[in-house]
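Here is a short walk through one structure, strand by strand and then into the core. Keep the sequence at hand while reading.

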Amino acid sequence: MASSRGAEVLVASNRGPVSYEVREDGSLHARRGGGGLVSGLSAIGPETDAVWVCAALGDGDREAVRRAGGGLLPAEDSGGQRVRMLGIDPAVFADAYNGIANSVLWFVHHMLYQTPLEPLFDAEFRRQWESYRSYNRAFAEALAEEAGEGAAVLIQDYHLALAPRMLRQLRPDLRIGHFSHTPWAPPDYFRLLPDDIAAELLTGILGADRAAFLTHRWADAFTDCCHAVLGPGIPSGTRIGVHGLGADADFLRERAHRTDVSERMAVLREEIGEGRRTIVRVDRTELSKNIVRGLLAYRQLLTDHPEWRERVVHLAFAYPSRQDLAVYRDYTAEVQRVAQEINGEFGTPGWTPVVLHVKDDFARSLAAYRMADVALVNPIRDGMNLVAKEVPVVSDEGCALVLSREAGAYEELGDDAVVVNPYDIGGTARALHEALSLPVGERAERTKRLAAAATALPPARWFLDQLAALE
């Protein structure tokens, strides 16, 4: 089934490196994306024949697929990268993406269920699971068509857990890797899933030559699940790897000193007020990010340590995520409600305790990174959390990192962070006080060590290491 194009390297992910919108005159406008995968694929060089397979996510993407006849999109739209975008039926995509990937697999791996009421694995779940299979099969078939003999294929994340096995059946000659960007649930929680579904997910990933994770903790949890669900050993011979994705220091430092960032810093300084300290968080309003408890811990700080009133401001950037799901809309509303409550309780005419922004603005996020005295990263559970790595790299004066022990970044950064149990409001409040009280010299030394650890595996090397491991 190999295509005459015969790509040597292929990447598969739900979201690709380009998205499209249809303008009023009917023309298509392409917008390039960023991130570690884009940087990584660029690092292999133009002499390598590479293809990225992704899903069409909106009407503009689907129109681009239609105009391309289902084939490769124009390389100039995605910075020279060849892209095969899949026009999966919107109803199938919605079932697979929202119904299974984001409402089941995400919740399992982040251990987010309120188990007295959920999950419910009923007939509707089984119907959506068939869509998840179809979605994965579409990727496997496209990869099989585009790959040259013996090509390397890197399949990404929980959206595509079944694709490695499906692709192996179609193209046994390929070298296949799967990478999980989320945590992996321990066996007791993973086995909330129906037994056959749990086994299908594991054997799907075990169709790869190599299954890789962000930390040893998540890799060990996957192995434990295989033993618990499938029996001792990993009969497929799949190798397990760990690649702790780091921050892209060169890009971040250059981007953080552009004019638009300086302009955002001036606006934020005016909002904060002269001479005040800053506690910064930058997150999507994902349920796992624990924003509400972070706000409650800040309120506890102001209650327990009134000396910080009027002397510190919590810059909280909570950018809406997955607003097509009601539970996420409700969570975003709760974040806003708690922030307003704190401002109403403690605010004065000259001091707003919480400066909350909910509109995504990358330049403003970088401005906050540079201004941070304390970075608050307290997820309930997180595969890595790149914000924890990015802030120390960009911070102008050095910052203290308050870090959840449930973030993947804890494995690398824990020694130089102020570590918290993400559920403990009082403990997090005490950690914020400790972080604000660190002597300047110690804070600077910690920041240097944090930045060094955070940039040990930048995106390009992270990608190339995975590719080399498939040799």
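L72 has R84 as its bridge partner in β6. The model is predicted, and in it two bridges join β5 to β6, strand residues 82–86, with the two running antiparallel. Both strands belong to an open sheet of eight strands with mixed pairing, ordered β5-β6-β4-β1-β7-β8-β9-β10. The edges of this sheet are β5 (72–73) and β10 (239–242), each of which pairs on one side only.

Strands of a sheet pair through backbone hydrogen bonds, either parallel or antiparallel. A further open sheet has six strands and parallel pairing, in the order β13-β12-β11-β14-β15-β16. Here β13 (354–357) and β16 (418–420) are the edge strands. On average, neighbouring strands of this sheet are turned by 20 degrees against each other, direction ignored. Within the sheet, β14 (residues 374–377) and β15 (residues 400–404) run parallel and are joined by four bridges; V377 has L403 as its bridge partner in β15.

Helix α13 (residues 362–371) lies across β11 (277–284), β12 (312–319) and β13, at about 150 degrees to β12. Helix α14 (residues 386–394) lies across β11, β14 and β15, and runs at about 170 degrees to β14.

In soluble globular proteins, nonpolar side chains tend to be buried together. The largest nonpolar core in this model has 166 residues, and W184, F190, L201 and F463 have the most contacts inside it. Helix α3 (residues 90–109) gives the most to this core, with 10 residues. Beyond its neighbours within four places in sequence, F190 is in contact with residues including V108, H109, W184, L201 and C225.

Key: Residues numbered from 1 in each chain as written. Predicted model: local features only at pLDDT ≥ 70, side-chain atom pairs only at ≥ 80, totals over all residues. Heavy atoms only, no water. Core = buried A, V, L, I, M, F, W, Y, C linked by side-chain atoms within 4.5 Å. Buried < 20%, exposed > 50% of the residue type's maximum accessible area, 1.4 Å probe, protein only. Contact = heavy atoms within 4.5 Å. Pairing = 2+ DSSP bridges. Axes fitted to C-alpha atoms, helices over the stretch in contact; angles between N-to-C directions.
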